[in-house]
Amino acid sequence: MLWAARASGFFSAAMLMVVLSPSLQSFPPAEAIRSSQFDSHVRFPGQIAGGARGLPFRRAPSFRNAADCGNSTGIGTGGNVCDPSLVHIAITLDEGYLRGSVAAVHSVVQHAVCPESVFFHFLVSDPSLGDLVRAVFPQLRFKVYYLDPARVRGLISSSVRQALEEPLNYARNYLADLLEPCVRRVIYLDSDLVLVDDVAKLWRTDLAGRTVGAPEYCHANFSKYLTTRFWSEERFAGTFAGRRPCYFNTGVMVLDLARWRRAGYTRRIERWMEIQRSAEGRIYELGSLPPFLLVFAGHVAPIEHRWNQHGLGGDNVHGSCRDLHPGPVSLLHWSGSGKPWARLGAGRAVPAGRALGALRPVRARRRGAVP
């Protein structure tokens with residue numbers, strides 16, 4: 001089918017575009033954005049231990065607002081986080097996913113019409129990672145928030161993949177506590193995705209009084225995320241009485257933090273995690289997803305599927321590739337175990353010529369999403 005062929009091309013293009021090799025690649029930005037050329041290489045700070053030491057990144061270009069965005073104040077690290085005109089994005093930073101995080105940030109500012117009006121909230125367990133962000137994105141508006149691993153480690157249960165057991169994987173549970181009270185709405189993004197559309201469109205999502213907005217997949221087998229014990233005990237199975245629960249992926253969400261704080265949803269999520277860890281046995285599988293499903297499924301404001309073309313990393317065991325869902329694309333998400341930077345490292349990348357060729361329609365459309 002035509003859509004499948006085109007989607008496959010865009011998938012290939014994104015793999016090249018998003019820092020899947022250690023160096024950030026440069027492509028002309030949207031017409032509304034003026035950018036300089038990359039001017040130097042930035043090395044991962046030497047004091048950070050582990051496999052990421054010495055990874056080269058290129059300094060990002062200076063993205064500017066379009067004329068109709070108005071004046072933006074407080075450019076650079078910090079600024080007025082309470083500015084009501086800002087678009088707030090939360091994303092985690094950790095050593096193993098650095099290339100994915102840098103790629104995600106770059107894709108946001110590259111495709112935003114008003115990139116200077118985007119404020120990033122980076123959730124870390126190592127505060128020094130903020131130095132890397134500052135070096136790669138000198139003009140980025142951001143703040144670093146420390147999540148103490150001890151806060152969540154005792155609530156985490158084993159999963160099918162070790163990465164799903166990392167404390168930062170649960171950072172989304174604590175956004176309402178970590179971010180300033182004046183931040184009333186935030187877009188949460190995983191570290192293994194890229195945008196090919198203006199994030200302001202996602203920001204303007206009407207949540208219709210809901211706390212969470214996300215693409216829903218009501219055709220998916222919702223029951224498989226919960227164990228036989230859960231479904232066999234009425235006190236658990238009755239959780240969904242009066243609502244029609246649908247699967248949604250927590251890697252892309254629009255959150256009403258004001259409503260979250262009033263309802264105390266962090267504690268509700270933690271309560272399910274405590275039940276999961278009890279001596280009576282497990283009630284769900286996987287990692288941080290099921291508690292979100294238990295609390296919010298059936299009460300989610302639906303968002304177009306174009307904003308989370310997920311599953312591109314395949315399953316959680318083998319990482320086998322999957323095709324895109326039918327329809328337009330605004331965000332590509334490599335959820336699953338097959339991360340694109342790992343595939344490049346293993347020599348399984350798509351040839352650059354094909355990827356660049358597929359990318360040209362994105363550049364030609366400028367502000368629009370991938371058709």
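## A covered strand

In this predicted model, strand E11, which spans residues 252–256, is mostly covered, since five of its five residues are buried. The cover extends to both faces of E11: Val-252, Val-254 and Asp-256 are buried on one side, and Met-253 and Leu-255 are buried on the other. As a general point, the side chains of a regular strand alternate between the two faces of the sheet.

Strand E11 has partners in strands E6 and E8. With strand E6 (residues 185–189), E11 pairs in the antiparallel sense over five bridges, and within this pairing Val-186 stands opposite Leu-255. With strand E8 (residues 212–214), E11 again pairs in the antiparallel sense, here over two bridges, and the bridge partner of Val-212 in E11 is Leu-255.

## The sheet around it

Strand E11 belongs to an open sheet of seven strands, which follow the order E5-E4-E3-E6-E11-E8-E12 and whose pairing is mixed. The edges are formed by strand E5 (141–146) and strand E12 (300–302), each of which pairs on one side only. On average, and with direction ignored, neighbouring strands of this sheet are turned by 25° against each other.

Asp-198 is found in the loop that lies between strand E7 (193–195) and helix H6 (199–203). Although Asp-198 is buried, it has no salt bridge, and the nearest side chain of opposite charge, that of Arg-204, is 5.3 Å away.

The side chain of Asp-198 does, however, reach the backbone nitrogen of Val-113 at 3.5 Å. When its neighbours within four places in sequence are left aside, Asp-198 is in contact with His-111, Ala-112, Val-113 and Trp-307.

## A covered helix and a loop residue

Helix H11 (residues 289–296) is mostly covered, with eight of its eight residues buried; among them are Leu-289, Pro-290, Phe-292 and Phe-296. Just after H11, Gly-298 takes a positive phi of about 95°.

Phe-63 lies in the loop between strand E2 (56–58) and strand E3. Phe-63 counts as buried because its relative accessible area is 9%, and the cut-off for a buried residue is under 20%. From C-alpha to C-alpha, Phe-63 and Cys-114 are 8.8 Å apart in space, while in sequence they are 51 residues apart.

## The protein as a whole

The protein contains 13 helices and 13 strands, and buried residues make up 57% of its 371 residues. Among the contacts between residues at least 6 apart in sequence, 74% join residues that are at least 24 apart.

Key: Residues numbered from 1 in each chain as written. Predicted model: local features only at pLDDT ≥ 70, side-chain atom pairs only at ≥ 80, totals over all residues. Heavy atoms only, no water. Helix = DSSP H or I, 4+ residues; strand = E, 2+ residues; numbered from the N terminus. Buried < 20%, exposed > 50% of the residue type's maximum accessible area, 1.4 Å probe, protein only. Lys, Arg positive; Asp, Glu negative; His and termini not counted. Salt bridge = Lys/Arg side-chain N within 4 Å of Asp/Glu carboxyl O. Polar contact = N/O pair within 3.5 Å; in protein donor to acceptor, adjacent residues only side chain to side chain. Contact = heavy atoms within 4.5 Å. Pairing = 2+ DSSP bridges. Axes fitted to C-alpha atoms, helices over the stretch in contact; angles between N-to-C directions.
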